[in-house]
Amino acid sequence: MRLSHYFLPVLKETPAEAQIVSHRLMLRAGLIRQEAAGIYAWLPLGIRVLNKIKAIVHEEMNRAGAIEILMPTLQSAELWRESGRYDDYGKEMLRIKDRHDRDLLYGPTNEEMVTEIFRAYVRSYKQLPLNLYHTQWKFRDEVRPRFGVMRGREFLMKDAYSFDIDARAARRAYNRMYVAYLRTFARMGLKSIPMRAEAGPIGGDLSHEFIVLAETGESQVYCHKDLLDMPIPNEDTDFHGDLESIVRARTELYAATEDVHDSARFEKEVPPEKRLSARGIEVGQVFYFGTKYSAPMKAVVTGPDGKEVPVEMGSYGIGVSRLVGAIIEACHDDAGIIWPVSVAPFRVALINLKSGDVATDKACESLYSRLTTAGIETLYDDTDERPGAKFATADLIGIPYQLVVGPRGLSAGNVEIKVRATGAKHEMPADAAVEYLVQGN
RNA sequence: CGGGGCGUGGCGCAGCCUGGUAGCGCAUCUGCUUUGGGAGCAGAGGGUCGCGUGUUCGAAUCACGCCGCCCCGACCA
């Protein structure tokens, strides 16, 4: 992409309304624009990141055996009356009437609807286990939205729903999602820690929140330090097999958010030098809630014994739009964002230090063509800004590699690669630079 | 939902107290000079001062109402 033909509205000054660093950087780097309290438009750079995150989430969901569907944003109130949540959910739920005066709502979550889909088609235990997921915009009418996309009213969320014949099978389904989440967040460059959590209004009695440590995190968390150094399950993990050992290795160590924290237990179970108390951002949550929805909504299957039983369910959320903010909280410096390669909007920022200079232009065009041909997403700064402005923009938007081309380097036969994360600079001939950047893609 | 604050060119702000020609920096446009870490000079364009009502000869400025947004708390992915 040539910057001269792109839409990248970066701000030199910090917008007054943004308090936390991720919100400020998202506005400055031209990722989002606020359209109303807690409601954002996604600008070109922002939607690229959002899509990358979503793709990783989907890959790991599919790997774990979940199946993608897409449910609508608007739902009929009827479904929610069946589960009893139409009255329970309160003012957080955005209620709408259509032209026929029918009650609709903008979905804050989809347990009811997915249960309705399930019960319409599934009758036998032989069709289980089943896990259906989708990524869709949700709306929760927060009293006080804040922190940009970290706590917006409209947000993009992946939610998966598991259906099983009994509690044991449901537990295995829970474990599959638990392991998939460990992999998902690790792939985005985040260190996530599963912590015991309250089930909240979703309901249920087994739940973990996946927490990313960050100074600006919304909740206080307590855990055993060894959880920070747990290995990430491999890509070839057998999701049909027994995952209990992977889960148990983590759940047997103390980890809890402030809501369920028990300081006496914490001090008893964790030696002083292993105690970690920090702030954290919740990026995902897994629930097992049994028959909370299947029983009232009559989602039943016939078991091997010929008896009908309500299906055992769990739900598994990942805050996709929130993750953009969470990643920035974890990955930035004074100059701007530092995207992990896996979610970066572009892999390489090609910086022409002297647009209009024949030799420099020619070298850049050649590099741009070779990189894009090799499948490297490259943002080519071909504008006639001054070098300082180009460097500042590249640092701000956080592209992992800056490929810097100017007359001075070229006269020595070199271009320069700057690694955004470390600041390390390497001078080398153009051929070597292309090879360096193509590696590992 | 309680408490506090703010709405003035695209962005950041001053002006308001004490009513009288709407201002500054950045950005934008034109020209010249510059070009390896957010350039310099000269010129130009752009604002019903959130909306409404009232007070007044006269309202960005005073009063009242409304709307929007932000912050603290309670609540939450």
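Buried denotes a relative accessible area under 20%, exposed over 50%, and partly exposed the range in between (1.4 Å probe, protein chains only). W80, at 0% relative accessibility, is buried. The model is predicted, so local features need pLDDT of at least 70 and side-chain atom pairs count only at pLDDT 80 or more, while totals for chains, interfaces and linings use all residues. Residues are numbered from 1 along each chain as its sequence is written, chains are lettered from A and ligands numbered from 1 in the order in which they are written, and side-chain values use heavy atoms, without hydrogens and water.

Rings of Phe, Tyr and Trp (its six-membered ring) pair if their centres lie within 6.5 Å; planes under 30 degrees apart are stacked, over 60 edge-to-face, and the rest tilted. The whole structure holds 15 aromatic pairs. W80 and Y89 are edge-to-face, because their planes stand at 80 degrees, with centres 5.7 Å apart. Y89 is buried, at 12% relative accessible area. Y254 and F266 form a tilted pair, with centres 5.0 Å apart and planes at 45 degrees. Y254 lies in the loop between α7 (244-251) and β12 (255-257) and F266 in helix α8 (residues 263-269), so the pair ties together parts twelve residues apart in sequence. Helices (H or I, at least four residues) and strands (E, at least two) are DSSP runs, numbered from the N terminus. Y254 is buried at 2%, and F266 at 7%. Y178, Y181, F185 and F210 form one aromatic cluster.

Two arginines lie over rings. The criterion is NZ of Lys or CZ of Arg within 6 Å of the ring centre and within 35 degrees of the ring normal. The charged end of R48 is 3.9 Å from the ring centre of F346. R95 lies over the face of Y86, 4.6 Å from the ring centre.

Helix α1 (residues 21-28) is mostly covered, with seven of its eight residues buried. G30 follows α1 and has a positive phi, near 70 degrees.

RNA strand B is surrounded by 40 residues (a heavy atom within 4 Å); R144, G152, E282, D395 and G409 are the closest. A polar side-chain atom of K91 lies 3.3 Å from a phosphate oxygen of RNA strand B. For R386, such an atom lies 2.7 Å from a base oxygen of RNA strand B. α11 gives the most to the surface near RNA strand B, with seven residues.

How values were computed:
Polar contact = N/O pair within 3.5 Å; in protein donor to acceptor, adjacent residues only side chain to side chain.
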